[in-house]
Amino acid sequence: MTDVSRRQLFIGAAGLAAAGGLAAACGSSSSTPSTGSATGAAGAPKRGGNFRLGVTGGGSKDIMDGQNIITKPDQARLMTAFETLLLFNENYQLTNNGLAETVTQDNPKQYTIRLRQGIEFQNGKTLTADDVIYSFQRIGTKKFGLTGYAATATMDIAGMKKLDQYTVQLPLKSADSTIPQTLGSYTFNMVPTGYQGYPHPQVGTGAYKLKSFTPGQQSVHERNPNYWRSGQPYFDTVTITDFSDSTAQANALLGGQIDAMTDVLPSQVKVLQAQNVGVLVSKTGGWLPICMAIDMPPFDDVRVRQAMRLIVDRKGLLEQVFSGYGFVGNDLYAPFDPGYDKSLPQREQDIAQAKSLLKAAGQANLAVDLHTTNGASGMVETATVFANQAQAAGVKINVINDPNFYGNQYLKLAFSVDFWGTRAYLNQVQQGSLPNAPYNETHWPPKSGTGSNFGSLYNQALAETDAAKRIQIEHEMQQIEYNNGGYIIPAFAGLIDGYATKVKGLVPSKGTLNLDSFGHGFRTIWFA
Amino acid sequence: MNRFRPRGLWGFILRRLLLGIIVLILVSILVFLATQALPEDPARAILGRSATPASLAALRRQLHLDQPVIEQYWTWVTGLLHGNLGTSLAAQEPVSTLLAPKLVNSAVLVALAAVLSIPLSIAIGAYAALKREKAFDQASSNLLLLLAALPEFVVALALVILLATTVSHVLPAVSTVPPGSRPWNNWLALILPTLALVIAVAPYVARIMRASMIEVLESDYVEMARLKGLPERTVLLRHALPNALGPVFQVIALNLAYLAGGIIFIEVVFNYTGVGGAIAEAVVNHDLPVIQALAMLIAAVYVILNLLADVATILVTPKLRTRL
């Protein structure tokens with residue numbers, strides 16, 4: 001039995017479970033109706049309790065490091081104890097509600113960071129300019145291999161200067177207007193000087209202190225009584241437990257052994273709701289692209305790429321793969337960026353046009369392998385649904401579900417389905433669409449011809465301090481990608497998480513992380 | 001050389017143990033070759049999507065993946081002989097530290113399932129044979145066939161629905177064993193996984209017991225015993241049962257060995273912290289030391305259980321006992 005069919009059986013069995021559940025009236029009904037809305041409707045926050053979170057995707061390779069993640073439970077753990085200088089709010093807009101009072105751009109090649117005063121680390125040490133400089137140095141050290149390293153390429157970290165106890169000057173090697181977004185990304189956390197990852201002591205500015213941690217199993221976090229935001233956090237403890245299977249996770253939530261879970265399967269949403277469990281649907285900018293390497297046959301012919309993009313029935317795919325939770329994509333990423341080009345026409349399925357493009361390219365009977373894996377949920381389903389849709393255009397797609405997809409062949413494949421989280425446009429370009437980007441699946445941009453100026457446009461955009469002009473350049477870049485790029489972006493999937501109805505304060509968020517950025521670091525949620 | 005051949009039951013056990021050791025050595029080589037044949041880099045597998053050239057290089061250095069294959073194998077074998085199972089590539093801690101608590105957890109589950117399922121299934125099988133073609137036999141046979149046909153995880157999920165989530169909330173739906181605690185600290189959580197395992201194993205043993213018992217009851221010596229006027233109780237307990245148990249021991253051993261390797265599904269459904277999850281994860285991560293240790297362990301369990309079954313069979317079968 002293959003992995004897919006086993007998973008489908010699991011889902012099927014859980015579905016049966018749920019069908020039976022509709023009849024049995026739920027014994028543990030909560031007195032307060034679940035409005036699903038924010039603080040106002042839920043009443044005043046209350047102190048106390050042990051918040052138990054179940055997360056899939058972890059294992060014995062779990063880590064705890066204020067500036068690094070490997071697995072999804074690592075993301076949750078990171079959010080308990082560590083904080084960034086700037087903060088994305090639930091609409092994915094950058095705010096200065098983080099550790100920095102202000103971050104100002106002095107000129108295209110220099111920023112000044114001014115810290116909020118009086119913030120203490122969990123060990124009582126005050127957060128100062130020295131800690132900020134150490135934090136940047138640590139992320140910028142290549143051999144540590146930390147998540148944020150690629151984003152430090154433009155920073156002149158060695159040239160950082162402490163202006164006073166709470167002020168730091170950050171010079172740049174080359175102009176970079178995305179610095180504020182980088183300072184708000186969830187792994188770009190501030191740690192005290194001398195900090196090292198677990199098993200060294202985990203000391204951050206966040207709402208909970210690490211009490212115990214066993215990779216692959218569980219971590220327990222205690223309330224930080226000294227937390228700088230007065231009144232927060234509300235729970236006494238947070239317990240994060242690894243689950244290997246989402247059916248077990250859903251059962252634990254239904255049975256009351258956990259209070260919240262990540263990544264409810266779209267097919268299980270109605271099932272859980274019927275049994276009085278809250279479901280948080282967040283329309284994020286997360287996406288599962290079908291990636292065509294623009295320098296590998298048959299996708300080195302732009303007509304083939306455009307044909308593939310015309311084959312997709314985007315609404316149908318959104319419905320089939322994500323049960324309609326999410327929104328249709330237009331082969332462009334970063335939909336919440338102010339620079340997202342909404343003027344480009346929505347691409348629709350056009351089989352006739354696709355067929356004629358393929359014929360013109362000499363690929364009328366195209367047969368091609370599409371590689372993917374059970375990575376982020378929906379990847380294999382996206383590949384399968386797309387393969388079915390392609391039959392209408394006479395294209396034969398053979399889906400290969402490879403457990404070692406992220407092995408040596410990753411990023412060297414002509415045709416694959418991958419996943420990405422929410423990002424601002426230029427940050428995403430830096431991560432996936434430049435010659436030196438760490439995850440460039442499509443081998444973008446072209447070395448010559450149309451689009452070969454993409455890299456220089458990117459540099460212009462980084463250097464441009466005038467927002468309107470920058471957006472103009474970004475539109476130009478997106479037009480090139482829209483007409484020549486290697487991504488098919490059928491839909492933005494969103495995140496679906498589950499929670500016990502006694503958990504209050506959760507709001508749908510457009511950010512990358514589950515459960516409203518894990519309840520903004522487990523501090524904006526509480527038990528009713 | 002026959003003069004030096006150890007004789008008797010102990011000699012038999014000694015010979016089988018030596019054979020077992022040879023089997024284990026072969027297993028270690030086979031597993032090692034199989035894992036080496038996969039064209040995959042453990043560093044890549046561990047970091048997965050979050051791999052960057054920088055973090056990959058950092059991890060490879062840390063894991064000493066630059067050593068030649070033979071050297072890696074030799075280091076492991078010599079370590080094993082000194083009781084050192086090596087260091088997990090993914091978890092970066094000794095394999096023994098990583099697996100010991102999980103082994104205890106899984107062993108508790110298997111032992112509980114065995115202690116409950118063996119007497120239960122033998123009793124059901126024997127009673128069904130006595131009441132052949134009667135109501136009990138028909139009802140139990142049909143039910144056991146039905147249960148045997150259901151995959152373990154369907155049984156497990158049905159139990160969860162009935163007792164933990166939808167129908168009633170009598171028992172916990174998941175049986176996670178938190179680090180630092182033992183399964184018996186929360187014995188309520190042990191009930192569902194144990195029950196699921198008992199249902200997975202009992203039908204086979206009961207069916208074989210029934211068939212074996214029927215065969216024995218129809219044999220000449222049982223008829224002779226009855227003709228000699230022995231009480232029915234003595235006929236059954238002294239003459240029929242021991243002879244019927246022989247083949248059943250083999251099936252029990254096979255089923256227990258299956259449990260030792262095959263509790264993966266049950267552990268996953270109940271998020272039970274055991275070796276099942278460790279196996280699956282180690283394979284995905286190409287965590288060679290952990291795969292090696294677990295493969296050796298499961299092979300050892302097979303060897304020992306088969307030996308025990310053979311010894312038990314010999315002890316209840318006079319014909320075999322005297323031939324040694």
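What covers the buried residues of α12(A)? In this predicted model, the cover includes two helices of chain A, α13 (454-463) and α14 (467-484). The residues concerned are Tyr425(A), Leu426(A), Gln428(A), Val429(A), Gln430(A) and Gly432(A). Helix α12 of chain A runs over residues 425-432, and because six of its eight residues are buried, it is largely enclosed by the rest of the structure.

The chain to which this helix belongs contains 15 helices and 22 strands. Its radius of gyration is 24 Å, close to the 24 Å that the globule rule gives for 528 residues, so chain A is as compact as a globular protein of that length. The C-alpha trace of chain A spans about 70 × 65 × 40 Å along its principal axes. Of the 528 residues in chain A, 53% are buried. When contacts in chain A between residues at least 6 apart in sequence are considered, 71% join residues at least 24 apart.

Chain A also touches chain B. To this contact chain A brings 47 residues and chain B brings 44 residues. On the side of chain A, α1 (3-23), β8 (208-214), β10 (237-243) and α6 (246-255) each supply at least two residues. Sorted by class, the side of chain A that touches chain B holds 18 nonpolar, 25 polar and four charged residues.

In chain B, attention turns to helix α8 (residues 188-217). At 1.5 Å a residue, its 30 residues should span 44 Å, and the end C-alpha atoms lie 41 Å apart, which agrees. Helix α8(B) is mostly covered, with 25 of its 30 residues buried.

How many residues does the largest nonpolar core have, and which of them touch the most other members? The core has 223 residues, and those touching the most other members are Ala156(B), Ala196(B), Leu197(B) and Val205(B). The element that gives the most to this core is α8(B), with 19 residues. For Val205(B), the contacts beyond its neighbours within four places in sequence can be listed by residue. They include Ser117(B), Ile118(B), Ser121(B), Ile122(B) and Gly125(B). Val248(B), Val251(B), Ile252(B) and Asn255(B) are also in contact with Val205(B).

Key
Residues numbered from 1 in each chain as written. Chains lettered and ligands numbered in written order. Predicted model: local features only at pLDDT ≥ 70, side-chain atom pairs only at ≥ 80, totals over all residues. Contact = placed C-beta atoms within 7 Å. Helix = DSSP H or I, 4+ residues; strand = E, 2+ residues; numbered from the N terminus. Nonpolar A, V, L, I, M, F, W, Y, C, P; charged D, E, K, R; others polar. Expected span 1.5 Å × (residues − 1). Buried ≥ 20, exposed ≤ 12 C-beta atoms within 10 Å, placed from the backbone. Core = buried A, V, L, I, M, F, W, Y, C linked by C-beta atoms within 7 Å. Rg over C-alpha atoms; globule rule 2.2 N^0.38 Å.
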